[in-house]
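Colleague: I would like to learn how to read a few features of a model like this one. Could you take me through them in turn?

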Amino acid sequence: LKPGQVPQDLIHMDDHPLLTEECCIPTHGVEVFYNAAIKLLRSRRPGMALIGNPRTGKTYSAESFAKNHSSVLGTNIPVAHMDSWTRGSKTSATEARFYGCILRALDYDTPFSGTAAIRLDRAVDLLLERVSASDDNRALLIVDEGHNLGKREYGYLMDYYNLVRKSGCRLKVMIVGQKKEMKRKIASMKK
């Protein structure tokens, strides 16, 4: 190359895979998350909890896996990353809001329209539609900020899980949350 000449095969910085999140830096936390998700999908278990300390990359890992799972798994299993449904508050979500958040995780255009029953039906139908279009009968729902789940939200999640499973889909649920908060939550739910 001559001074000042730019090679033709260079990509623009805005298109770099790290900036477009088509790949991620494989930190220890990312590796642990990916391995746990792959192990869950290959197992007969219906779900698992992945806990870690605050600010260790759990959400980043969940987002990355949801976006890049096809290339990692070599198959097109539907994966949805459900982020926090409480919008920063520690209050519980209504049933309609909870199912709307599942619809949002599934990229539904108007996730917060309709009653709770309508949203639940839509969320089940949409996931089953994606499963039937894939080459597998499995799906993964990643529930982030799992330490914010209360008894009601676990009930909503179980209703969704049971309806999807009854339709023949092997739904796997990965609940991701903070170690200290999850332990406290589990202890309080046992009472």
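Modeller: We shall go from the chain as a whole to helix packing, then to aromatic rings and backbone angles.

Modeller: This is a predicted model, in which local features need pLDDT of at least 70 and side-chain atom pairs count only at pLDDT 80 or more, while totals for chains, interfaces and linings use all residues. Residues are numbered from 1 along each chain as its sequence is written, and side-chain values use heavy atoms, with hydrogens and water left out.

Colleague: How many helices and strands does the chain have, and in what order do the elements run?

Modeller: Helices (H or I, at least four residues) and strands (E, at least two) are DSSP runs, numbered from the N terminus. Here the chain has 6 helices and 4 strands, and from the N terminus on the order is α-β-α-β-α-α-β-α-β-α. Of the 191 residues, 41% count as buried, where buried means under 20% relative accessible area, exposed over 50%, and partly exposed in between (1.4 Å probe, protein chains only).

Colleague: How do α1 and α2 pack?

Modeller: Two packed helices are described by the angle between their axes and the distance between the axes. The axes are lines fitted to C-alpha atoms, for helices over the stretch in contact, and angles run from 0 to 180 degrees between N-to-C directions. Helix α1 (residues 28-42) and α2 pack at an angle of about 55°, with their axes 9 Å apart. That makes α1 oblique to α2, given that angles under 35 degrees count as roughly parallel, over 145 as roughly antiparallel, 65 to 115 as roughly perpendicular and the rest as oblique.

Colleague: Which residues does Ser 61 touch?

Modeller: Contact means heavy atoms within 4.5 Å. Ser 61 lies in helix α2 (residues 58-73) and is buried, with a relative accessible area of 1%. Leaving aside residues up to four places away in sequence, Ser 61 touches Gly 29, Val 30, Phe 33 and Tyr 34.

Colleague: What kind of aromatic pair do Phe 98 and Tyr 99 form?

Modeller: Rings of Phe, Tyr and Trp (its six-membered ring) pair if their centres lie within 6.5 Å, and planes under 30 degrees apart count as stacked, over 60 as edge-to-face and the rest as tilted. The structure holds 5 aromatic pairs. In the pair of Phe 98 and Tyr 99, the centres are 5.9 Å apart with 80° between the planes, an edge-to-face arrangement. Phe 98 counts as buried at 0% relative accessibility, and Tyr 99 likewise counts as buried at 0%. Elsewhere, Phe 33, Tyr 34 and Phe 65 form one aromatic cluster.

Colleague: Is Arg 55, with its positive phi, buried or exposed?

Modeller: Most residues other than glycine have a negative phi. Arg 55, however, has a phi near 65°; this residue sits in the loop between β1 (47-52) and α2, and is exposed, with a relative accessible area of 85%. Asp 107 also has a positive phi, of about 65°, in the loop between α3 (95-105) and α4 (116-133), and is exposed at 62% relative accessible area.
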